[in-house]
Amino acid sequence: MEVRPATTDARSTGVEPLGWWRRWWRRQTPTRQDRFAMLAPLAAVVLFMAAIATAFWYLRAEEIEREQEAVKRDVEYAQQRLRLRLLERQEQLMRLARDISNKEVDPEQFMGRAESLVAQYPELQAITWIDERRKIIASQAAPSVIASQQWVAGDVLRIGETEASYGLARDLLQPVYALPAAPAGTLPLLQLHSPLSEQGRFSGVILGEYSIDGLLRYGVPTEVLAKYAVALVDDKASLLAGQSIPKRAKALDLLPWTFTANEYEVPVSPVGNSLILRAQAWRTSLGVIGSGLFWLVSTLSVMTAWMLIANWRHTRRRMQAQQALVAETNFRRAMENSMLTGMRALDLQGRITYVNAAFCQMTSWSESELVGRTAPFPYWPDEDRDLLTARLEDEIGGRTTPGGFQVRVKRKDGTLFDARLYVSPLIDAVGKQTGWVTSMTDITEPNRIREQLQASHERFTTVLEALDASVSVAPLGSEELLFANKLYRLWFGVQAVGHLQMVQQAGVPEARMPHEGLDDVDGYAGLPTGALTTAQSEHAEIFVPALGKWLEVRSRYLNWVDGRLAQMVIATDITSRRHAEELAAAQAERAQSASRLITMGEMASSVAHELNQPLTAISNYCNGMVSRIRNQQITEEDLLGALEKTARQAQRAGQIIQRIRSFVKRSEPNRTPSDVATMVAEAVELAEIELRRRQVRLTHYVAARLPTLRVDPILIEQVLVNLMKNAAESIDAAQRPPARRNVELRVVPKQVDGQPAVLFTVTDTGKGLAPEVMERLYEAFFSTKAEGMGIGLNLCRSIVESHQGRITAENLYNGPEVMGCRFSFWIPLSDTAPSEVRKDSGVTA
């Protein structure tokens, strides 16, 4: 009766921990249970591997300790044996030294006793008698000693380590051991200096030399030599005799059975620390057996741990993939339900398998009413059923239109709306087509807006088509024609060639038409630098040879509907008016034509190139005055100023003609004392027109107190204008941003070959000059511009060299990138040696 409660208590106490464990396990989440289920066997494997490694290490450490004690004991025993042998030889040499000090032994007797000692003791290599003057009295060496290590009677002790040991024995009057450095190719020797003393006075030494290899062989017991690698080393651990076990790699010492070989070393007494006896235990085969067992256990443990970790990671990746799939499915479902585009999926038989919320909202039909239905579908209008059936057959047959097609769709309440459908194949995960997916967009409102725009466009084009003037619009920098009315198409067709031709011709003055064979200004002439809302319209009268008509061309810049900057050109036929004006001037012109043609034949290229800037300035001044007079925005004072500038430009044009005529006739320039600042100001004023048109900033610097130059100012100004104009064209061609559209003009004094001169430099930020262009830069009629004549730089060089100067060009670099170009020319202050200058420059005076 009393036993049962005791048994029950015992059971409850044994089951209680297991019950607590189960309750704790059930409270954990599935993820934590998986983690604990993985970590428990992994921890067991790691502990097993640690236990095996610890056991190996402990057993090996204990064995190494026993070996170390055995090595120490044997080395000390060998050291005692070697010490006794050295002391015995030392006593024999000291006895010989006492006999010599007592005059009991002469050199002949010394040779006999020394020969007996050398023959009796193999480690003793030589015995030498040296007096107090370091003179060798007698010496006896073993037959194995080479001649270079033998001492010769009558010689004097050589200075070196032996002489230093000799001096130490003389000072101490005690035996001195020495270990001198052995010459290359010889065996090291141990020396013993035993001093000779006559009545307390030093009288020489007895030098005994030992073979270190002999000491090791005959002084160390054979049982020690058999058990260990025994060696004699010096204080620098250099091997003198014996053998040594090489050091193992440090990485191998990490394993429990690969401890560094047991070794022990002790100084050899009475020699001291300069001679050390070292013994190393030989390796045994335990390393192979131990490494095999250890690596087997380690490999099995690592493989087990790796498989457990791989299994856990695989399970974890599967769970993550499952969670990602659920999240992706939910995300795609939410995205499809929030789309404004209707989505419909059909299988290969034309049955609806899926519709999204937007599709149901557009058609007012629910998903349950559409999924599983076949044609005809409930959202098809009755009157379009045949058309939609044909479209569905094309869709199932793969005959789809990439741009989609437009249809009418019926809502559940019977109302209709316009929609555009796009069809594409439905491909599953393995690349197999399972049906077709269709996206539907409601285009009712875009269609309404398109119809209104089309009606407005028709009204606008009707008005423009009825005009008696040609109207065309084209974007800047492109040959695309944005708009052309009926009269333009009648004259020029549907290409932008006529538009560009009119813009090009309208950008030059009236007296310089293309049919006269002169230069054209580029198509961007007159490009506004301000806002388009403040840009003035421009007009010109041009002659179009292809039409045989004179046209009055008006142009204006505007922003096109797509945001591009465009130019509108309106051309009106004024041929009849021009014919009337030309008849009045024909008689007067006919009398001068012959003379004008002869002169222009000689000077056409130079005049056309050099007069382009002043005549362009005159045209700009006149156009500006006309525009401001029409708008009543000019005062009398401003008008007089503009007229004076126009007169100066006209006068400049005449001066240029006169100077070029003189230059072409091979005469010296008309040099006059000229102020540099005035010339630069005139050139800057003329060049700024071109630079402003190209939206290029000009900065100039003229050094103070420059001397007066004796030059032709018109020609020097023309060189500056040409260089600044070329700099602006280079920047424009490089399409630099506004922050880098700069031209800099600097005028400073300079010393050239010891002579004072004035240096002019023009620097731009364009794309520089190519090497092939640099070689032909000053060649006549060579130009990189499509409309250039190729005489500008050639004429500039001729003008500079006619003033005994030089002109150069160089590219500016920032690393490998070209950042611009610099043109420089200098004019000397003196006119010395003009003939040499003309000869070097290639200009005929």
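## Strands β12 and β13

Let's start with β12 and strand β13 (residues 416-427): they run antiparallel and are joined by 6 bridges. Strands here are DSSP runs of E with at least two residues, helices are runs of H or I with at least four, and both are numbered from the N terminus. Two strands pair if DSSP finds at least two bridges between them. Across from V407 you'll find A419 in β13.

This is a predicted model, so local features need pLDDT of at least 70 and side-chain atom pairs count only at pLDDT 80 or more, while totals for chains, interfaces and linings use all residues. Residues are numbered from 1 along each chain as its sequence is written, and side-chain values use heavy atoms, with hydrogens and water left out.

## The sheet around them

Zoom out and there's an open sheet of 5 strands with antiparallel pairing, in the order β11-β10-β14-β13-β12. β11 (352-355) and β12 (405-410) sit at the edges with a single partner strand each, so one side of each has no neighbour in the sheet. On average, neighbouring strands of this sheet are turned by 35° against each other, direction ignored.

Helix α11 (residues 444-465) packs on the sheet and touches β12, β13 and β14 (433-442). Touching, or contact, means heavy atoms within 4.5 Å. The direction of α11 makes about 120° with that of β13; such angles run from 0 to 180 degrees between N-to-C directions, with axes fitted to C-alpha atoms, for helices over the stretch in contact.

## Strand β5 and its partners

Now for strand β5 (residues 201-211), where 10 of the 11 residues are buried (under 20% relative accessible area, with exposed over 50% and partly exposed in between, using a 1.4 Å probe and protein chains only). Strand β1 (residues 124-131) pairs with β5 in the antiparallel sense over 7 bridges, and L124 has Y210 of β5 as its bridge partner.

Strand β4 (residues 189-198) also pairs with β5 in the antiparallel sense, over 10 bridges. β4 and β5 form a hairpin with 2 residues between them, and Q199 in the turn has a positive phi of about 55°.

## A look at Q567

Q567 belongs to strand β19 (residues 565-573). Is Q567 buried or exposed? Q567 is buried, with a relative accessible area of 4%. Leaving aside residues up to four places away in sequence, Q567 touches several residues, among them S472, H499, V503 and Y557.
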